[in-house]
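Here is a short tour of a protein fold, written to be read with the model open beside you.

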Amino acid sequence: MDSMLLKLYQNVKTGECKQQQVANVLGLSLKQTTRLLRKWQDNGWIRYIPGKGRGNSSYIEWLKPVETIYLKEAIRLLEEESVENAAKLLTFDWSPSSKERLTTLFQTKIGFIQDENDSLIIPLRFRFISFHPLEAIDVYSANMVTTLYDRLINVDEAGDFTPGIAHSWECLEGKFRIYLRKGVRFHDGSLLTASDVVSCLEKLRRHPRHVDIWEPVYRIYSPAPYVVDFDLHSFADYMLPLLSNTYASIYKAYEGNLIGTGPFYLVEDNETRTLIKAFDTYYKERPLLDRIEFIQVPTDFEIIYHTSQTDEADELFEVKSDSGFGVVVMNYCHESPLENPDLRHYIHQIIAKYRHEIASHESFKGSYYPNAEGFQLGNREAFNIPLVKEKPRIYRPLKMQVVNYTKEMSYWLKEKIEAAGIQIEIVHKTFNDALYGNLKDIEADITIFGEVYEVNPQYSFFHLVKGLDYLISEAFSVDSDIKELSSNYKCTSIANWTELNHQIEKMLIEKSILIPLYYSKRMIPFTTDLQNISIKSFGYVDFSSLWLKPHIL
């Protein structure tokens, strides 16, 4: 089936048309369009009479009902072919009724399949950008990293540290020492050694984005088998949040690919699906699922975790997941009118005045909630923002960066700021450009930044402050007071980091550098036959513990 032919059928009816109009519909050049039209005529789909002379209309007559024929074939493929092949059909340009029919049929194909191998098939709107622990910046990829790789130490939401690949550790004078488990295997079957850990963490320590946060560590080495030492300039417990972070996942290269020691290993990744399988010799409890297949679906596809045994009568229940928060970044890392603190405070006042509308706004209701508390929800302390009674004078419009996932919120904010007399110019960026950009390089003065904490908010805030995110890495260094305060982590015991975090947060907000805007929640629907559902890193499901309660006759 040809998706281009169906697109043309939906958008161009029998009759006269301009060839440029057809080319625009297909998103092709005139030469490519002419070639396709002649091909479809030769195959009996259309009768095509090209216009003679520049600007004259062409004529297209449909000889067959393309959608009717394609729909019949699509239903057959959905019933007989693999889920991966069937998923491609949903991206075609169907009419609403055909799209609904195919989507309903596709929903019966995905979910948990219990046979000799227990398989879970999950619809996925966006591809994983990277599986490399040092490059997985977006939450989709970072969550997958936690499934494929293990860390030396784990941390939970309460901030308690537990053994991972390291079974124990010691905080010594000027040194942090870990003791590795014996018998831990990489996905290729080789045993993990202390030298593997040292090599991996040396790459992390010297990575440009991590040099600053790892600056207190001046040496990593193995003094004995299954022992790794870190020589430090700081408190030894500084290493606990570092080694429990996703970036500190342990891996090694094998035949040009990265392999880890996690509960699942990567089998395949392409434009239509990603397949991971359970690691049979995992050093902890083996996953109860044998394989998980992520299938690409259109962005408007409803994501439900369900099984192939589910029927329409089965009930759904929803699990609440924190999806992070959004802040307005006042970017004066480059030459900008926002170097004037009064202008930043003036915009801060506008946000504070209208932020409550987020709760009832039709586009945000149920997903986004106004946040006036800061980045560590629960402090509920009033921030002292200087009052600016008159609009400061500015010499040019302010530029606002907009990416797809902040589009509606950005335009809402633009409307409020312009109503207060400040002109806004929109600069559109792709998700990847925003992901790997930084405040010094981007053209924008204002951007909405969305963040999802990994597990523990206190330690995640520490990683945020230390600049592990490309986009806002410079926001914490534009002000000398904030820069000096954020340098205190290495000389502060982690028992006192909550207070230090709060001081930095308070200063960022009261200087109107980062302005709290919203926090987000999402309700993830599951069918009741899926068991042991728990939310893990970045607000996603822990696949290693998920299982299906079998139907017993």
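## A strand to start with

How many of the six residues of strand E15 (residues 273-278) are buried? Five of them are, so E15 is largely enclosed by the rest of the structure. Buried here means under 20% relative accessible area, with exposed over 50% and partly exposed in between (1.4 Å probe, protein chains only).

E14 and E15 make a hairpin, with three residues between them. E15 also runs antiparallel to strand E16 (residues 291-296), again over five bridges, and there threonine 274 faces phenylalanine 294 of E16. Two strands count as paired if DSSP finds at least two bridges between them.

## The model as a whole

This is a predicted model, in which local features need pLDDT of at least 70 and side-chain atom pairs count only at pLDDT 80 or more, while totals for chains, interfaces and linings use all residues. Residues are numbered from 1 along each chain as its sequence is written, and side-chain values use heavy atoms, leaving out hydrogens and water.

The protein has 15 helices and 24 strands. These are DSSP runs numbered from the N terminus: helices are H or I with at least four residues, strands are E with at least two. Of the 553 residues, 52% count as buried. Among contacts between residues at least 6 apart in sequence, 69% join residues at least 24 apart; contact means heavy atoms within 4.5 Å.

Turn now to an open sheet of three strands, ordered E1-E3-E2 with antiparallel pairing. Strand E1 (15-17) and strand E2 (46-49) are its edge strands, each pairing on one side only. Neighbouring strands are turned by 25 degrees against each other on average, direction ignored. E1 pairs with strand E3 (residues 58-62) over three bridges in the antiparallel sense, and glutamate 16 has tyrosine 59 of E3 as its bridge partner.

Helix H2 (residues 19-26) lies across E1, E2 and E3, at about 80 degrees to E1. Axes are lines fitted to C-alpha atoms, for helices over the stretch in contact, and angles run from 0 to 180 degrees between N-to-C directions. Val22, Ala23 and Leu26 are buried in H2. Seen down the axis of H2, its buried residues fall within an arc of 100 degrees, so they line one face of the helix; the arc is that of the directions from the helix axis to the C-beta atoms. They pack against helix H1 (3-11), E1, helix H3 (30-42) and E3. After H2 comes glycine 27, with a positive phi near 70 degrees.

Another open sheet has four strands in the order E8-E9-E11-E10, with antiparallel pairing. Strand E8 (166-172) and strand E10 (217-224) stand at the edges with a single partner strand each, so one side of each is left without a neighbour in the sheet. From one strand to the next, the twist averages 20 degrees.

E10 and strand E11 (residues 227-232) run antiparallel and are joined by five bridges; isoleucine 220 has phenylalanine 230 of E11 as its bridge partner. Helix H8 (residues 194-206) lies across strand E9 (175-180), E10 and E11, running at about 175 degrees to E10.

## Aromatic rings and charges

Rings of Phe, Tyr and Trp (its six-membered ring) pair if their centres lie within 6.5 Å; planes under 30 degrees apart count as stacked, over 60 as edge-to-face and the rest as tilted. By this rule the count comes to 21 aromatic pairs. One of these is stacked, because the rings of phenylalanine 375 and phenylalanine 461 have centres 6.2 Å apart and planes at 25 degrees. Phenylalanine 375 lies in the loop between strand E18 (368-370) and strand E19 (398-402), and phenylalanine 461 in helix H13 (residues 457-465), so the pair ties together parts that are 86 residues apart in sequence. Both residues, phenylalanine 375 and phenylalanine 461, are buried.

Phe161, Tyr238, Tyr459, Phe462, Tyr489 and Trp497 form one aromatic cluster. Charges sit over rings too: the charged end of arginine 219 is 3.7 Å from the ring centre of tyrosine 221, and lysine 13 lies over the face of tyrosine 9, at 5.7 Å from the ring centre. The rule asks for NZ of Lys or CZ of Arg within 6 Å of the ring centre and within 35 degrees of the ring normal.
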